[in-house]
Amino acid sequence: MDFYTEVLGLRLVKRTVNFDDKYTYHLYYGDEVGNPGTVLTFFPFEDGRQGRVGRGQTSATAFVIPEGSVDYWIDRLESRDVDVDTPHTRFGETVVPFRDHDVQPLELVTGTSDIEPWADGPVPADNAIRGFHSVTLDSLNPEKTRAVLETLGYESTAQDGERMR
């Protein structure tokens, strides 16, 4: 909980229990009021084994940060012993890849958003996370995945190396 609230500056919006296991919490993090496009949830299972990223799943969750806040975030994450990779450019935006303390891959991506940051959160509002940017999906069969996404109303708008947007 401390990582998502104190390091990333998200608000613990709600704490309930897992419907399948009443002894496990279901934690919801988001902006100040839990707007759509900001809520990330977890089930903090005790003594679980560490996961690993592979094909056929999402491999990183990306959050929007304001232009000009990359240095702030690198300093903030590194000062809290977060494993941060070298920033790079993807689709013309700066991407800061890192992992939470459970080795969950996350990214901060520069961009714009209509979502207002948590005004009284631990991260200054001019640098705060503005909601989700995207997720990275590692597909076993990119063409089949594209067809499913198109059926759901999505369309590819750009390509950067092997990545499609």
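This is a predicted model: local features need pLDDT of at least 70, side-chain atom pairs count only at pLDDT 80 or more; totals for chains, interfaces and linings use all residues.
Biologist: Where is Ser69, then? And is Ser69 buried or exposed?

Modeller: Ser69 sits in the loop between β4 (57–65) and α2 (70–79), where helices (H or I, at least four residues) and strands (E, at least two) are DSSP runs numbered from the N terminus. Ser69 is buried because its relative accessible area is 0%, and buried means under 20%, exposed over 50% and partly exposed in between, with a 1.4 Å probe and protein chains only.

Biologist: Which residues other than glycine have a positive phi?

Modeller: Among them is Asp81, with a phi of about 60 degrees, in the loop between α2 and β5 (83–84), and Asp81 counts as exposed because its relative accessibility is 68%. Val103 has a phi near 70 degrees and belongs to the loop between β7 (93–99) and β8 (105–110), and at 40% relative accessible area Val103 is partly exposed.

Biologist: Changing topic: how many bridges join β1 to β2?

Modeller: There are 7 bridges between β1 (residues 11–18) and β2 (residues 21–30), which run antiparallel, and two strands pair if DSSP finds at least two bridges between them. Arg11 has Gly30 in β2 as its bridge partner, and a hairpin of 2 residues joins β1 to β2.

Biologist: And what about β2 and β3?

Modeller: These strands also run antiparallel, with 3 bridges joining β2 to β3 (residues 40–42), and the partner of Tyr29 in β3 is Leu40.

Biologist: What volume does the largest pocket have?

Modeller: The largest pocket holds about 1200 Å³, and of its 31 lining residues the closest to its centre are Val135, Thr136, Leu137, Met164 and Arg165. On a 1 Å grid over the protein atoms alone, a pocket is an open set of points with protein on both sides within 12 Å along at least five of seven lines, a cavity is a set where a 1.4 Å probe fits but cannot get out, and lining residues have an atom within 4 Å of a point. Grid points are joined across faces, edges and corners, and a volume is the space filled by probe spheres set on the points.

Biologist: Which strand gives the most to that lining?

Modeller: β9 (132–138) gives the most, with 7 residues.

Biologist: What is the volume of the largest cavity, and which residues line it?

Modeller: The largest cavity has a volume of about 60 Å³, and residues including Gly9, Leu10, Trp118 and Ile129 line it.

Definitions and conventions: Residues are numbered from 1 along each chain as its sequence is written. Side-chain values use heavy atoms; hydrogens and water are left out.
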